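Reader: I would like to learn how to read this model. Please take me through it one feature at a time.

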Amino acid sequence: MTAVDDERAAVMKGRVDERAEQTTMQVERVVNSVEWARESLKDETCQERADTKAFTGKGTRQELRQLIAEIDRLEQAMRELASVVRQVPGASIYLMLHHKRSNGYTFLRWRELGAGKRHLSWTDVQTLLQSREASVRAWYGQASEQALSLNAQHLTARKRIRALRYIFTRAQQPVYARRIPG
């Protein structure tokens, strides 16, 4: 090979490296870790040998599947709670399920019924409920505690998925040398 051929090979190699860097950067730009987890498990085979731990059969992919199932369960529980609160007759407030597509953050928040539909803090809700009976106020308090609990559980599951994503992107897949026949 001549010096010109070496230079061309280096340039071509540089282009390939640039393309590889661009594709990995595009993958890392995705902020929504829950959607990343769903996409990474979409084309999964029956058994991932490199991911399973010895003697247990469990690995990070198994945990990721469990966390996605937990996220789905929590979001369903949030929808059900919001639906139950909306069914209270004569209520001027309700729980609204918010879902931010950019980062996957899903949470319940109090909202006022009416033209303004402004968001309310729990102290604002308490002032609106002062004229109601004690049992109704207690019921709303339980609903609020349940909403806070669901929000916190969802946040914890999302943080764990982000941690697993970091492990996936930083882990190097082992390459095993095979004997060349002959």
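Reader: What share of the contacts with a separation of 6 or more comes from residues 24 or more positions apart?

Author: Contact means heavy atoms within 4.5 Å. In this chain, residues 24 or more positions apart supply 58% of the contacts with a separation of 6 or more. The model is predicted: local features need pLDDT of at least 70, side-chain atom pairs count only at pLDDT 80 or more, and totals for chains, interfaces and linings use all residues. Residues are numbered from 1 along each chain as its sequence is written, and side-chain values use heavy atoms, with hydrogens and water left out.

Reader: In what order do the elements run?

Author: Helices (H or I, at least four residues) and strands (E, at least two) are DSSP runs, numbered from the N terminus. Here the order from the N terminus is α-α-α-β-β-β-α-α, giving five helices and three strands.

Reader: How do the strands pair in the sheet?

Author: Two strands pair if DSSP finds at least two bridges between them. The sheet is open and antiparallel, in the order β1-β2-β3. Because β1 (93-99) and β3 (119-120) each have a single partner strand, one side of each lacks a neighbour in the sheet. Seven antiparallel bridges join β1 to β2 (residues 106-112). His98 is opposite Phe107 in β2.

Reader: Which helix lies across β1 and β2 at about 155° to β1?

Author: Axes are lines fitted to C-alpha atoms, for helices over the stretch in contact, and angles run from 0 to 180 degrees between N-to-C directions. The helix is α3 (residues 60-86). Helix α5 (residues 134-170) also lies across β1 and β2, at about 150° to β2.
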